[in-house]
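Please open the model in your viewer and keep the selection panel at hand. We will take a short tour, one selection at a time.

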Amino acid sequence: MPVKEAVTEHTVAYGRAAHQLELRKHEFDLAVHLGHVRTVPGTDGGRPRVASAEIERLRAAPDFPAALRDRVRTVGTKGAAELASITGDRFTRLVRTGHLSPVAFYLNRYRAVVWLYVAAEVREFAERHPELLTGRLPAPVRARLDAGEDVRARNWRTRRLGLLLRRADDPWAAAAAIASLLPPDEIAKVAADPHERAHLGLLRPTLTNARPESLAARDIIDRLQVADDPDEILWHRMSLAHALEEARALRPAPRPDAGGHRAPRALRRPGRTGLLNRLRPGRRRTLRTPADRAWAT
């Protein structure tokens with residue numbers, strides 16, 4: 001879990017830390033996400049940094065870097081099923097009902113979502129739950145499948161939100177992280193003040209940095225980032241209300257001054273051109289490999 005402390009001269013930039021730990025960018029991102037590499041906040045809200053002592057600690061391990069790489073290795077459905085010694089169809093049934101959570105995804109050439117899982121978590125699951133690997137699935141699981149349940153996207157959003165909340169160094173940033181999973185109309189139910197909504201929009205983090213070039217692919221990724229289940233929406237809306245109480249107690253959202261300055265852009269553009277537009281990726285960038293596409297998520 002990232003450590004929130006002041007940045008000192010004994011920290012290393014994010015990219016340089018990945019190089020020193022002999023990890024590719026997507027591997028390092030996952031190591032941070034899973035808490036294997038602890039970070040400290042960057043200056044002025046910039047990218048997190050890594051303490052030199054943290055790098056030395058990891059490099060001093062007798063099995064470095066092989067063990068660290070193994071802890072961040074990801075597999076798709078086929079690879080995960082092989083690790084668990086079950087069929088791909090059975091593995092898909094288990095993850096659709098929430099027995100394992102994906103950690104990343106990418107879109108293949110057919111714009112199908114390819115979910116990725118931490119290999120170490122798959123192995124641990126197989127060891128702890130052998131009863132789910134053979135024979136008929138339990139009746140409650142079959143009932144959820146018959147009802148069409150698929151919580152993969154929801155569980156991915158939950159994992160990403162957890163990372164964003166751990167990185168948040170301010171109640172307003174935490175509220176913005178929660179709001180990033182809600183559609184604008186649900187945010188408005190909690191934050192009636194347009195200045196608060198604008199402030200949340202300005203602080204809004206992204207769950208994915210993917211830059212798909214087609215509009216169809218963008219729409220798919222946009223939908224994956226926003227809560228769509230009523231229970232999930234209600235939970236995040238309640239969490240947002242609590243986070244906003246803490247944020248307001250710290251300081252009110254900034255407002256236009258009395259000198260006639262224009263309101264922030266998010267206030268001047270109601271409807272879909274406000275917060276919803278922020279869900280769409282900005283500058284286009286080609287992601288060349290599946291690993292690049294996945295770890296843009």
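At what angle do helix α10 and helix α14 pack, and how far apart are their axes? Before you select them, note that this is a predicted model, in which local features need pLDDT of at least 70, side-chain atom pairs count only at pLDDT 80 or more, and totals for chains, interfaces and linings use all residues. Residues are numbered from 1 along each chain as its sequence is written, and side-chain values use heavy atoms, with hydrogens and water left out.

Now select residues 171-179, helix α10, together with residues 230-250, helix α14: they pack at an angle of about 160°, with their axes 8 Å apart. Helices here are DSSP runs of H or I with at least four residues, strands are runs of E with at least two, and both are numbered from the N terminus. Axes are lines fitted to C-alpha atoms, for helices over the stretch in contact, and angles run from 0 to 180 degrees between N-to-C directions. The two helices α10 and α14 are therefore roughly antiparallel, a term for angles over 145 degrees.

Next, show the side chains where they meet (contact means heavy atoms within 4.5 Å): in α10 you will find, among them, Trp172 and Ile178, and in α14 the residues include Leu240 and Arg248.

Then move to the open sheet of three strands, whose order is β3-β5-β4, with antiparallel pairing; strands pair if DSSP finds at least two bridges between them. Because β3 (74-75) and β4 (104-107) each have a single partner strand, one side of each is left without a neighbour in the sheet. Finally, select Thr74 and its bridge partner in β5, Val118.

Technical notes:
Angles under 35 degrees count as roughly parallel, over 145 as roughly antiparallel, 65 to 115 as roughly perpendicular and the rest as oblique.
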